[in-house]
Amino acid sequence: MRKPYEKIVILDFGSQYTQLIARRIREQQVYSEIVPFSVDLKVLEEEEVRGIILSGGPSSVYDQDSPHPDQAIFQLNKPILGICYGMQLMAFHQQGVVSASQAREYGHAELEVVADSPLFLDYPPESCRDDRPILTVWMSHGDRLTGLPKGFKPLGRTDNSEFAAIMNPEKQQYGLQFHPEVVHTPFGSKILSNFVHRICGCTSSWTTEAFIDDTIAQLRDLVGKRQVICALSGGVDSSVLAVLLNRAIGSKTRCVFVDNGLLRKDERKNVEEILVERMGLNIQVVDASERFLTRLAGISEPEHKRKIIGEEFIKVFFDAAGNFDFLAQGTLYPDVIESVSTKGPSATIKTHHNRVAQILDLIQQGRILEPLKELFKDEVRQVGLALGLPNEIIYRHPFPGPGLAIRVIGPVDETRLALVREADAIVREEVASAGWHNKVWQAFAILLPVHSVGVMGDQRTYENSCVVRVVQSQDAMTADWARLSPEILARISHRIINEIAGINRVLYDISSKPPATIEWE
């Protein structure tokens, strides 16, 4: 077993930015881990924990059901950084005064740094005014600190918050009313770097190379001479997982790729060409398209579709898997976080099939391998690049488990799948040729159960309508529609209508997430 990485532990109080804090810490080459605010104190006492961050959150410290940590954390003799609600908790539990603001402070603010501290070292020289740094920061709070706890002193202020940054140098406790983790706080990454490196004393040991070396050693030690089966979709997560397993244990790994008939254009062909012929993976391809389409016949309700596809996938996969000792899954860190959220598992918006009964049984038996479960998506891509995977796999846009079945609104059949498959290919081709592929999170087409009147070749048509969806995002938790130029949209529309018989109208989806989701079903 590898020696545990030194780490920063983030207590989650329900902030929409908690995952972003963890990612910003990882960017400093320091391992970070998110835990519920109610975590056992013993977890924080572990030697490898070098510092603690208290996240923001939507609550007031005075709310009846607001989340509060064990007060003993403030006596642990470990550096603590409280952010927004986290700062208010730190003050509240040490006899500071938190009050409701007359006006909510939201958006950009100017922070005047009023005292020297290691937290604000190396600020840009151009930010100075009258020998004091003036930093642009991002605020999002209602309550504010109006009375300092004993031993604390002011570190920074804004027009609306006298104590927008505070510190207790003796206890190494710091508080920020603003959010250093968001891009709207330009100096934020440096503040977090100062906290983890200068205050907590962390080294830059969390690197792609270290992760690969440690994981390969762990896999070899754990698997030994036993056999591993890996579910391969062709996406970045499962492909990186498969190559990592192949590097670690070689022929002891067998991948199963299920062609469910719901794949994008040339998906199966690309998997075989890249991962088998170029990367040398041992892949068993199972053509089960007829089984899936038969079970989906006449089904319109999205959750019913997802349930059928999940059930059928498990049956097909385990039939093909045969005998094995371990099942490897491409679980990522956001999946782990969401299962231990501040108020229990998140509400089900869409059904997933990586925790069905058969998988849960294997987990109980200790037969599940999830070597990527410590990583965010961008870290998985870095691992893939280091392992030699080509860009067309590394930067492949995410594709939902149920595939094109949830991009055909209404019943699914081969005819409608063919329409959306061709439209989807055109969207992706045009987005890529315009230089937008790596600028967006996803680009795809949706086929509507709506016909509209059109005119083609001087004749009336009454055919299908298609929606183009292109979104920008960092982690799919939030997303905004991409502002493609009219010229790009015109080419997409022209090609779809002229090249695909059966579609005569193209629309562009300009809704963000929230309130919409990225996929339509």
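The model is predicted, so local features need pLDDT of at least 70 and side-chain atom pairs count only at pLDDT 80 or more, while totals for chains, interfaces and linings use all residues. Residues are numbered from 1 along each chain as its sequence is written, and side-chain values use heavy atoms, with hydrogens and water left out.

Let us begin with the sheet. Its 5 strands run in the order β13-β12-β11-β14-β15, forming an open sheet with parallel pairing; strands here are DSSP runs of E with at least two residues, helices are runs of H or I with at least four, and both are numbered from the N terminus. Two strands pair if DSSP finds at least two bridges between them. Because β13 (283-287) and β15 (368-369) are the edge strands, each with a single partner, one side of each has no neighbour in the sheet. Further in, β11 (residues 228-231) and β12 (residues 253-259) pair in the parallel sense over 4 bridges, and Ala231 stands opposite Val256 in β12. Helix α7 (residues 267-278) packs on this sheet, where it touches β12 and β13, and its direction makes about 170° with that of β13. Such angles run from 0 to 180 degrees between N-to-C directions, with axes fitted to C-alpha atoms, for helices over the stretch in contact.

Next, look at α14 (residues 414-433) and α15 (residues 486-499), which pack at about 150° with their axes 10 Å apart. The two are therefore roughly antiparallel, a label for angles over 145 degrees. Their contact (heavy atoms within 4.5 Å) involves Ala423, Ile426, Val427, Glu429, Glu430 and Val431 of α14, and Arg491, Ile492, Arg495, Ile496 and Glu499 of α15. By class, these residues comprise 6 nonpolar, no polar and 5 charged; Ala, Val, Leu, Ile, Met, Phe, Trp, Tyr, Cys and Pro count as nonpolar, Asp, Glu, Lys and Arg as charged, and the others, Gly among them, as polar.

A second pair to find is α6 (residues 236-249) with α12 (residues 377-386), packed at about 40° with axes 10 Å apart. Val236, Asp237 and Val240 of α6 meet Lys377, Val380, Arg381, Val383 and Gly384 of α12, giving 4 nonpolar, 1 polar and 3 charged residues.

Finally, turn to α3 (residues 85-92). Since 7 of its 8 residues are buried, α3 is largely enclosed by the rest of the structure; buried means under 20% relative accessible area, with a 1.4 Å probe and protein chains only. The buried residues are Tyr85, Gly86, Met87, Gln88, Leu89, Met90 and Ala91.

Terms used. Parallel < 35°, antiparallel > 145°, perpendicular 65-115°, else oblique. Buried < 20%, exposed > 50% of the residue type's maximum accessible area, 1.4 Å probe, protein only.
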